[in-house]
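Have the coordinates open as you read.

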Amino acid sequence: MSSSLPAATFHILLSLAEEERHGYAIIKDIEASTNDELRLSPGTLYRSIQRMLEEGLIVESGRRPARALDDERRRYYRITPSGIAAARAELRRLAEMIRIGRERGLKPEMP
Amino acid sequence: MIGFYRALLRLYPSAFRAEYGAELCEIFDERARETSPPRAVASAIADVVPNALAVHFDILRQDLRFMWRTMRRAPGFALTAIAIVALGIGANTAAFSLADFVLLRPLPFPDSDRLLRMWNSTDGSGPNDVSPAEYRDWKAMAKSFRALGAYSFTQQNLVGQGAPIRLTAVRVTPDLMPLVGVPPLLGSVITPANTRAEDTAVLSNDLWRNQFASDPNVVGRVVRLSGAPHTVIGVMPRGFHFPERHVDLWTPMVFTPQNYEDRTDTYIHVLGRLAPGVTSETARAEMNAIAARLEQQYPDTNKDLGIITTRLRDQIGRGQRLLVLALCGAALCILLLACANLASLLLARGVSRSRELSIRTALGAGRDRLVRQLFTESILLAVLGGAVGVLLAWTTLPFLARLVPQTLPIAETPSIDFRVLGFAAALIGLTGLAFGMVPALRKPDSTRHRMRSALVVTEVTCSIVLLITAGLLMRAIWRIQAIEPGFRYEGVMTLRTALPLPKYGPVAARERFYKQVLDGVRALPGIESAAYVTGLPMERTGGIWGMEIPGVPKSEDNSVSLRYVTPGYFATLSIPFRRGRDIDQRDAQNHRPYAAVISESAAKRHWPNQDPIGRRFKIAMEEVEVVGVVGDVKVRGLERANEPQVYVASGQVADESITGYIPQDLVIRTDLPPAQWLPSVRQLVAGADAEQPISHIRPLSEVVAGDTAPRRVQLRLLTILAIIALLIAGVGIHGLLSFAVAQRTKEIGIRRALGAQPRGVMSMILREGLRLTIAGAIIGVVVAVLVARSMNALLFGVPPADPETILAALALCLVTAVIGCIRPALRAARVQPSTALREG
């Protein structure tokens, strides 16, 4: 079983798997999808992004949305094939954990 | 608000800030609108501080990983750098720790800088021991001191704790130990309150542990010291050494009226503690005034008798001080060399890395990022080297123990001084930083080459200085060892039976003991001769007495070293007879006149061009007649000025008189190993007195070697340092030239294409190396001669600019330089015109 990804990294990958996003959009997206359970601080976000760029999980996207909508400072990020692979490996690991839990008679807690 | 956040962002590495700063600010802005300002600030701090640390840590990890990879690929650079840093830091930490320990650190007594030693001096000579009467008068007159105390050395035989052993004891006046101020570990120290007679003892920690098995109930026990019962009243803590290193116990010294009778009976040492607010200068002035008053009061005995006052700390010989300082100088030289070489290494590496660095710059790495990486590397090298250096210092310090004078009240082995360590580490760190950064500064190659050349010159200078000073000291020690000691120590063994008082106060008891032991020893197979003497030459250096000759004024220098001997002493030590006879059986206590053998210089001084045999003089309260003249002996050691010698027959002294001169050392001339005769000698001694311990069994050559031991230790250290310096310089030259050849391959190739011969190319490289060597050597010789002048006292007459030493050092350095040049020169000669041009 592969080792687990840091939570922030995994959420960023999931967010970018949907579409290219800039930093603040990633934070907003994660908040929305986790019902405000996970609020990434900007420092954690950009430190994760820096490391993910180095590890080749994501790249800076050359594309920008229509000029009117875009703030010049914003950089957009896109997930790479190896980023997708890493996210899938993590999903498989989590699925495996759930299977093992079920076999032992444990069911996920319902919200 | 945003200004505060921007300031906070400075915690991030600048590259990170440049990349994400704007977006971070933007997000902060949006968030701040959602919450209250204090909460925004708090969460900003909670976010930035840990994340900034983490980013820095990421970079550090990257840099270290990168370094590890480069070092693994080329370990030579890292290992050399670490070794050089370790040498620099190690040598300095060791040498300066020693210096600090011996010369600077306060003695381990409370307020130790307020403790003063006081001596008498005659006509500016001295320091001399003091008489109890003098001490009594000082004590009564002096106002500068909170207390005065006195002590004297003695030996005690401890009997009844296993085999009898001989102890070094110090007799102290009851006010001495409270004045020193170190509290006991157990029981009490000797004080006026608990002292009525000389029947108590305070044990040293060593003695307590070794002989009394650390018995916690030792206080109150009665032990027999040299036959007399003493009650143990206390045990001192570990690390208490007073007045010098090897003292086993302290017993009280109580003066009787008789002790005060003779003002010239000098055998005590005086120590004082300054009263509050009094400076040592005031005390010195007062003591001088007291000396003047006593001179008026006792014109007979106190004429020209002065008082010397020194801090207890400063009781260290000039020679010993110089030995330690010279070592420090040498260590500084090594530190300088280490810095120069590290700088040179880093510069060379910087050039070979310019390619790597330009590629990384092209790939987008910022310059500050590169500087940071170089910074990390330099620091790491310094830290690793420093760690090895401390280890080095820690392992070498015990070897430096020989340089710690035994006469200081401190432990044997110096401990590492962390201030010194910090200083050396800082210096190395700075060097590493300064030169480690050069690659990032993008200086032209020519500047770097000039810098490296200057560094090589420095290295050669340092090694020449070390070589010359080590060479001069080597010549000095050769000169000293070439001095005839006046006796032959090869084939002489010695051991000590220190006869205790009062048992052996009567002369007859002693003579019986000597006769029984000596008759037995002489009868053993393989023993050529044997005799007893007061003390061995070069070990017992004191024992000076005035020779009073009828009709000769007392003011004339008449001091001689006085020894009591049994028949056969001169034969055993092969001290040659010039005239007359040896002391023999006739010379017993009741046979007048008493017999004395004097040394040549005594005869020459007092009876020039006359026959001294039959002349009479007074010494040690007795009249003696010269019966023989022998050769002079270097009693005080090979390097020192020596008084002439007078030897008196062991039995020809009054009972209980001058017991400090009782013969205690047995000398035996034999070619047999001790295993063959020592058991018999032990039996003989036990047969003469079952309670008599034997100690100090060793060849006489060891005693003689002890005379020059500190010198030899220092010479060995200096030689090692000089060799290291030479090696570093050689490596430096080699590195510089190798590098220059690699850089100039193209130029050399063109020269070759234009018709230059390999030999010409070779000599071009050699010339460059030798040019730097000669420049360094010239500066080195000048510096070395200046340094040598300052340590003239150690050179024993070898001139500081001794041409042979200088030539030898130059030759050694030149050879090393040539060896360093050969490989690069050959490589240059092998450059093919075609390859060079292709590569270029």
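## Where the chains meet

The contact draws 13 residues from chain A and 15 residues from chain B, with two residues in contact if their C-beta atoms, placed from the backbone, lie within 7 Å. On the side of chain A that touches chain B, helix 2 (23-33) and helix 3 are the elements that give two or more residues. Helix 3 of chain A supplies the largest share, seven residues. Sorted by class, that side of chain A has three nonpolar, five polar and five charged residues. Here Ala, Val, Leu, Ile, Met, Phe, Trp, Tyr, Cys and Pro count as nonpolar, Asp, Glu, Lys and Arg as charged, and the others, Gly among them, as polar.

A word on ground rules: this is a predicted model, where local features need pLDDT of at least 70, side-chain atom pairs count only at pLDDT 80 or more, and totals for chains, interfaces and linings use all residues. Residues are numbered from 1 along each chain as its sequence is written, while chains are lettered from A and ligands numbered from 1 in the order in which they are written. Helices (H or I, at least four residues) and strands (E, at least two) are DSSP runs, numbered from the N terminus.

## Helices in chain A

Helix 3 (residues 42-55) of chain A also packs against helix 1 of chain A, at an angle of about 75° and with the axes 10 Å apart. Axes are lines fitted to C-alpha atoms, for helices over the stretch in contact, and angles run from 0 to 180 degrees between N-to-C directions. That angle makes helix 1 of chain A roughly perpendicular to helix 3 of chain A; angles under 35 degrees count as roughly parallel, over 145 as roughly antiparallel, 65 to 115 as roughly perpendicular and the rest as oblique. From helix 1 of chain A, A:Ala8, A:Thr9 and A:Ile12 meet A:Thr44, A:Ser48 and A:Met52 of helix 3 of chain A. By class, the residues of this contact are three nonpolar, three polar and no charged.

## A helix pair in chain B

Chain B has 23 helices and 21 strands. Two of those helices, helix 14 (residues 507-523) and helix 17 (residues 674-688) of chain B, have axes that come within 9 Å and cross at roughly 155°. So helix 14 of chain B is roughly antiparallel to helix 17 of chain B. Among the residues making the contact are B:Phe513 and B:Val517 of helix 14 of chain B, and B:Leu684 and B:Val685 of helix 17 of chain B.

Two cis peptide bonds are worth a look. One joins B:Phe242 and B:Pro243, with omega about -5°, and B:Pro243 sits in the loop between strand 7 (228-235) and strand 8 (249-252) of chain B. The other runs from B:Arg592 to B:Pro593, with omega near -5°; B:Pro593 lies in the loop between strand 15 (577-580) and strand 16 (594-599) of chain B.

Then there's phi. B:Glu656 is not a glycine, yet has a positive phi of about 65°, and B:His696, not a glycine either, has a positive phi of about 50°. B:Glu656 is in the loop between strand 19 (645-649) and strand 20 (665-670) of chain B, whereas B:His696 is in strand 21 (residues 695-699) of chain B.
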